Amino acid sequence: MKTKSRRWIISLLAAIMTGLIILNVLAYNHAYAMLHFTRGGSRTEKPEILTSGQKFKVLLVGVNVPRPHSERQPSDLAEQCRSLSIPSPDGVRLGAWYVDQGRQTPLVMLFHGYGAEKSSLLPEARIFLELGASVLLIDFRGSGDSSDAYTTIGFREADDVATLVRYAQRALPHSRVILYGQSMGAVAILRAIPQNGITPDAVIVEAVFDTMLNTVRHRFEAMGVPSFPSAELLLFWGGYRMGFNAFAHKPVVYAEAVTCPALFMHGVDDPRARVEEGRRVCDAVPGPKQFKTFAFTGHEAYASRFPAEWTATVEEFMKMADDQHDRANTAGK
């Protein structure tokens, strides 16, 4: 009887160990696939529209995200738009498009989201031009005209933000610098402020998640599978593979260093970065801030769906930030 019990316990432990090994292998593959762009193939669809069979395949082999690129040209933004290639301290070259509307205008720097590139922000850039600003659209490392083929969901992209801000302050001087980012771009902006010591005059962020762990959990929930321990394992292996602590990747903490005017915009029905999580990040900002929501909206570009409402919100905020900038300059004289 004791021998049978011992065998049963050994078999159970072996099954548990085998399950853990399989789970870790799958998590490693998922992490690698999410953080490394491929050379081709079709991009994996959003979890919400995958069939059960497609979800099962994704759970086994991970997602496929081809390296983001575009056939658009600088002239698609404006006739006077020119292309730039800017080196970063770690050897990455960053592609950008620049439209100069005068050195007395604010420079709005636009940073795209995960799996995208700079031309995805053409609608927003055109609106900023109409509002009288100069614009600089940037490709993060791994995307568009930049070098490499990987992403860290805003962690090392913060270094790209800092590189471009310092380059602009040195080579493209304007009256003010305003940073605009969507999703991953928003995260990179918030991280760059405390981590890299940049000091923008204002920030505009959309669809920001509060912690990396939460947004990964939501992805598993959308797949219809338990997020624990899958999300934790994916973060561990992703961070291990890319050399950073993914559990410490928390925009809600980065936001505590934001003292300039900040505009947060969020979709009420966003399944990736939930609206209450976006509010948490906004609430952590000690400086002047605004929080704008868009009803019946998910993880998408608000300017394309609500152009008039988005433009009015951004224009009002930019005027407020300008007034504060002018008052600060007057007080400093």
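Which residue takes a positive phi just after α7? Glycine 243 does, at about 80°. The model is a predicted one, so local features need pLDDT of at least 70, side-chain atom pairs count only at pLDDT 80 or more, and totals for chains, interfaces and linings use all residues. Residues are numbered from 1 along each chain as its sequence is written, and side-chain values use heavy atoms, with hydrogens and water left out.

Helices (H or I, at least four residues) and strands (E, at least two) are DSSP runs numbered from the N terminus. Helix α7 covers residues 230-242. Buried (under 20% relative accessible area, with exposed over 50% and partly exposed in between; 1.4 Å probe, protein chains only) residues of α7 include Leu233, Leu234, Leu235 and Met242. Over in helix α3 (residues 122-130), the buried set is Leu122, Glu124, Ala125, Ile127, Phe128 and Leu129. Glycine 132 follows α3, with a positive phi near 95°.

Now the sheet. Eight strands make an open, mixed sheet ordered β1-β2-β4-β3-β5-β6-β7-β8, where pairing takes at least two DSSP bridges between two strands. Strands β2 (residues 93-99) and β4 (residues 134-138) run antiparallel over 4 bridges, and alanine 96 has isoleucine 138 of β4 as its bridge partner.

Terms used. Expected span 1.5 Å × (residues − 1).
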